[in-house]
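Please find below a short note on the structure under review. The points are numbered so that each can be read against the coordinates.

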Amino acid sequence: MTDHGAARPTSHHHHEHEHDHDPVNPGVDAAQCPVMAGRFVAKAKAEAKGWVRQYAGATYWLCCAGCVPKFDADPANYAVA
Ligand SMILES: [Zn+2]
């Protein structure tokens with residue numbers, strides 16, 4: 001038996017599954033944070049964290065814990081009519 005296993009071609013693909021950051025898909029189940037304009041947050045995540053506020057008949061999803069007290073302090077400033 002000829003066994004020359006020295007030069008092995010590296011044509012061997014490896015699968016990468018690195019989904020440790022959650023990609024937010026704007027428009028589908030995400031909302032834009034009224035405090036940090038342009039920041040999107042997944043509604044399910046905001047709801048799980050308690051980052052949801054109702055103001056003037058509308059629902060606002062905040063992008064992070066830091067935005068919650070800011071919104072609460074002056075919701076009229078952040079609410080978009
Ligand atoms: Zn935020």
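This is a predicted model: local features need pLDDT of at least 70, side-chain atom pairs count only at pLDDT 80 or more; totals for chains, interfaces and linings use all residues.

1. Strand β3 (residues 52-55) and strand β4 (residues 58-61) run antiparallel and are joined by 4 bridges. Two facing positions may be named across this pairing. Gln 54 lies opposite Thr 59 of β4, and Arg 53 lies opposite Tyr 60 of β4. The two strands form a hairpin, with 2 residues between them.

2. The turn residue. Which backbone angle deserves attention at Ala 56? Its phi is near 50°, a positive value in a residue that is not glycine. As background, most residues other than glycine have a negative phi. Ala 56 is located in the loop between β3 and β4. With a relative accessibility of 71%, above the 50% cut-off, Ala 56 counts as exposed.

3. The aromatic pairs. The count of aromatic pairs comes to 2. One of them is formed by Tyr 60 and Phe 71; this pair is tilted, with 5.2 Å from centre to centre and 40° between the planes. The pair links distant parts of the chain, since Tyr 60 belongs to strand β4 and Phe 71 to helix α2 (residues 67-73), 11 residues apart. Phe 71 also pairs with Tyr 78, and that arrangement is stacked, with 6.2 Å between centres and 25° between planes. Through these ring pairs, Tyr 60, Phe 71 and Tyr 78 are linked into a cluster.

4. A charge over a ring. Where does the charged end of Lys 43 sit? It is placed over the ring of Trp 61, at 4.4 Å from the ring centre.

5. Lys 70 and its surroundings. Lys 70 is found in helix α2. Its relative accessibility is 41%, and Lys 70 therefore counts as partly exposed. Which residues does Lys 70 contact, once its neighbours within four places in sequence are left aside? They are Val 35 and Tyr 78. Lys 70 and Val 35 are 35 residues apart along the chain, while their C-alpha atoms are separated by 7.3 Å. The other contact of Lys 70, Tyr 78, is also the residue that stacks with Phe 71.

Terms used: Residues are numbered from 1 along each chain as its sequence is written. Side-chain values use heavy atoms; hydrogens and water are left out. Two strands pair if DSSP finds at least two bridges between them. Rings of Phe, Tyr and Trp (its six-membered ring) pair if their centres lie within 6.5 Å; planes under 30 degrees apart count as stacked, over 60 as edge-to-face and the rest as tilted. A charge sits over a ring if NZ of Lys or CZ of Arg is within 6 Å of the ring centre and within 35 degrees of the ring normal. Buried means under 20% relative accessible area, exposed over 50%, partly exposed in between (1.4 Å probe, protein chains only). Contact means heavy atoms within 4.5 Å.
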